[in-house]
Amino acid sequence: MIDVQDLTKYYNDFCAVDHISLSVQPGEILGLLGPNGAGKTTTLRMLTGYFRPTSGRISVKNLDMPKDTLRIKSLMGYLPESAPLYHNMLVYDYLVYVARIKGITDPDKQMERFKILADLCGLSTIMDKPIATLSKGLKQRVGLAHAMMTDPEILVLDEPTSGLDPNQIAEIRTIIRQIGKEKTIVFSTHILSEAEATCDRIVIINNGRVVADDTTANLKHKGMQNSFVRLTLKGPDRKTAHDFLTSMDPALDIRSAEPKEEGLVCFEIRSPDNRDVRSDIYLKIKQTDWIILELARETQALEKIFQQLTRQEA
Amino acid sequence: MSQIKTIAIKEFKDYFISPIAYIVIALFLIVTGWFFFSTFFIFGRADMRDFFSLLPIVFSFFIPAVTMRLFAEERNVGSYETLLTMPVSFTDIALGKFFAATLFAAAMLVPTLAYPVFISFIGDMDPGPVAGGYLGALFLAAAYCAMGLFASALTRNQIIAFIIGCALCFTLTIINRMLFFMPPQIVAVIEYIGASSHFTNFSKGILDSRDIIYFISLVCIFMFSTYIVMQEKN
């Protein structure tokens with residue numbers, strides 16, 4: 001559907017996007033993840049034809065930029081970050097304006113489309129309000145209606161949930177998932193749980209480069225591989241406990257961790273074959289009179305992977 | 001074509017949604033009315049020559065005020081991004097905004113049509129120069145709008161856009177009065193570049209193709225420059 005190759009963008013000397021290659025399949029929800037200033041917005045702006053890339057190739061449905069930019073633009077709906085709209089217009093007037101520019105000139109068709117969008121984005125009560133008086137969440141919804149005006153095949157959303165309250169975030173996510181059943185969606189975010197909850201595939205970028213590109217499930221699976229067991233004990237001192245656990249299986253990698261309270265000992269235990277060693281530990285410690293306060297398997301969640309990937313590079 | 005129309009209508013309406021239109025039109029009428037009628041009864045001539053001779057200088061301040069927001073505001077608010085990612089070309093956007101500004105300048109002139117009506121009651125007025133003057137005023141306004149639009153495309157700051165626009169329009173307006181500072185070899189060229197002499201022809205009732213071509217070329221040059229700036233800024 002979308003094919004991006006070696007996309008590069010320089011702002012004077014500063015390289016914002018450095019040879020990014022991506023491809024998005026039809027019907028996929030792709031999350032573009034990265035810390036602030038990683039180049040997410042710049043990438044999306046080039047993808048939507050707002051910025052001209054310094055070098056690289058973008059093709060959408062076998063149409064090439066910049067030759068077919070206008071046709072590509074008509075295939076896409078784009079919601080820029082913080083949904084910049086014309087503040088002096090009424091929501092309805094704005095939608096009419098957008099519909100006309102996007103080629104829906106017939107008033108009946110406009111009304112039909114507005115009804116669908118009003119239901120989907122929850123606009124029916126604010127149609128007659130000036131855009132300037134709307135809250136941020138409502139503006140975001142108007143922006144979403146703008147993006148979906150022509151029922152485009154591809155939706156590009158730049159941080160659609162930034163600056164919204166938790167309820168609004170949940171609403172926007174529901175809308176995205178709902179639309180994502182039929183459409184191809186590319187959206188950027190710096191919130192991991194959001195990407196995890198909504199995307200089929202996640203591309204992590206940092207300093208303008210792709211540092212990870214995989215399905216959400218695979219990335220999570222990778223996180224599982226680095227799992228460890230956290231054990232907190234009451235009773236023994238650190239040395240005794242360590243020796244005791246090592247005697248169970250010398251291959252275990254046992255590291256001391258900072259206990260939450262005074263008088264406790266805490267370990268992080270990794271097994272070489274990434275096996276779940278909780279039952280072994282329990283059975284072993286049952287032989288003593290120590291008290292197990294915590295025995296939990298922790299997986300290196302997406303968050304850790306993200307931190308690893310983006311910190312190393314920084 | 002329909003996109004140009006949509007953008008032009010939207011921008012034109014925008015003037016009247018906000019107080020800008022009413023303030024600009026009122027001030028324009030006060031300024032031109034004051035200067036025109038302060039000498040009108042002293043000379044006692046039933047014509048509008050003095051009104052038209054005022055226009056270039058008045059326009060060089062009012063038109064940049066009208067055009068300054070067209071690009072600068074959109075850039076500043078960020079709606080420029082929304083606009084550019086819709087299926088419209090740079091040409092559509094630039095022309096739409098240009099027509100909206102020119103139409104607004106025409107709307108600014110409409111109330112002044114009352115002057116020739118009343119003057120024709122109190123004296124025997126020759127309609128030719130007046131009609132020519134209004135036609136010339138439209139050409140002049142279009143040229144200045146193109147310059148103002150160009151200035152607005154250069155920056156995201158409306159005040160800078162206004163000042164650059166004023167500087168451009170003002171230069172073309174007064175350059176004819178500076179001729180005696182110029183070396184004699186280039187006087188003829190400078191005289192041709194100045195807008196006043198071309199506009200004066202119109203207000204005498206002379207429709208010379210050279211003057212029409214002059215104003216149309218100005219519009220083309222600055223619209224093309226606007227297009228280049230839009231492309232370069234991305």
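A:Arg100 sits in helix H3 (residues 91–101) of chain A, where helices are DSSP runs of H or I with at least four residues, numbered from the N terminus. This is a predicted model, in which local features need pLDDT of at least 70, side-chain atom pairs count only at pLDDT 80 or more, and totals for chains, interfaces and linings use all residues. Residues are numbered from 1 along each chain as its sequence is written, while chains are lettered from A and ligands numbered from 1 in the order in which they are written.

**Around A:Arg100**
- Leaving aside neighbours within four places in sequence, A:Arg100 is in contact with A:Thr105 and B:Thr6 (contact puts C-beta atoms, placed from the backbone, within 7 Å).
- The C-alpha atoms of A:Arg100 and A:Leu85 are 16 Å apart, and the two are 15 residues apart along the chain.

**Where the chains meet**
- Chain B brings 19 residues to the contact and chain A brings 20 residues.
- On the side of chain B that touches chain A, H1(B) gives the most, with six residues.

**The nonpolar core**
- The largest nonpolar core has 130 residues, and B:Leu140, B:Ala143, B:Cys145 and B:Ala146 touch the most other members (a core is a set of buried Ala, Val, Leu, Ile, Met, Phe, Trp, Tyr and Cys residues joined through C-beta atoms within 7 Å).
- Helix H8 (residues 127–154) of chain B provides the largest share of this core, 16 residues.

Note on methods. Buried ≥ 20, exposed ≤ 12 C-beta atoms within 10 Å, placed from the backbone. Helix = DSSP H or I, 4+ residues; strand = E, 2+ residues; numbered from the N terminus. Contact = placed C-beta atoms within 7 Å.
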